[in-house]
Amino acid sequence: MPLSPPFHQALARCGLIAILRGLRPDEAASIGRVLYDAGFRLIEVPLNSPEPLDSIRALRDALPPDALVGAGTVLRPESCSEIAAAGGQIVVMPHSDPVVIRAARACGLACAPGVATLTEAYAALAEGADALKLFPAEALSPAVLKAWRAVIRPPVALIPVGGITPESIAPYVAAGASGFGLGSALFSPGDTAAEVSRHAHAFMQAWKNLHRGT
């Protein structure tokens, strides 16, 4: 089956993925708008957030069509239909359960499973994964990513997630990272929209500095 064109178009436009763990539905629209204004086009609400499906719906309603909204920490295949019903377009997983990957694809959702070994990576791709979430990034150094890139060539997206800061992205990009999942350094529960905007622009500037002329 072909990979998800909307997901890859959004990733190509900006490889930074916002992970809004702990987001509340009442703040979803305002946080989403400042991220969109900063240049983000991929936003994930982990399912262990308060009322995550309501937040996904609020984000989807608030943002233009070129922004893709989805769910993270997806552990059960039956969650995929709930995510789709809420307007979600992406499933992000901490693991690489083939049953969840297949369920996401059956619901028409892009899927980025979490992988930590090449065996997991190839198994996920065989099930139809749209991208590979390298998780946790703290245990998968730029040297490891570079070795992976020697055998997993573009257009397969390799996306480190975990502990990423504006200062840490350069060596991963040099090693072949396609993008990054950004967690607490971008958004933490209680952050105001103004604070998230400041963090988002810092990440975006670091990203743009590494992609000038490309």
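Of the 214 residues of the protein, 50% count as buried, meaning under 20% relative accessible area with a 1.4 Å probe and protein chains only. This is a predicted model, where local features need pLDDT of at least 70, side-chain atom pairs count only at pLDDT 80 or more, and totals for chains, interfaces and linings use all residues. Residues are numbered from 1 along each chain as its sequence is written, and side-chain values use heavy atoms, with hydrogens and water left out.

**Fold and dimensions**
- The protein has nine helices and nine strands; these are DSSP runs (helices H or I, at least four residues; strands E, at least two), numbered from the N terminus.
- The protein is as compact as a globular protein of 214 residues, because its radius of gyration is 16 Å, close to the 17 Å of the globule rule. That radius is taken over C-alpha atoms, and the rule is 2.2 Å times the number of residues to the power 0.38.
- The C-alpha trace spans about 45 × 40 × 30 Å along its principal axes.

**Contacts**
- Among contacts with a separation of 6 or more, 60% come from residues 24 or more positions apart; a contact means heavy atoms within 4.5 Å.

**Surface**

**Residue A126**
- A126 lies in helix 6 (residues 118-126).
- A126 is exposed, with a relative accessible area of 67%; exposed means over 50%.
- P98 is 28 residues from A126 in sequence and 9.2 Å from A126 in space, C-alpha to C-alpha.
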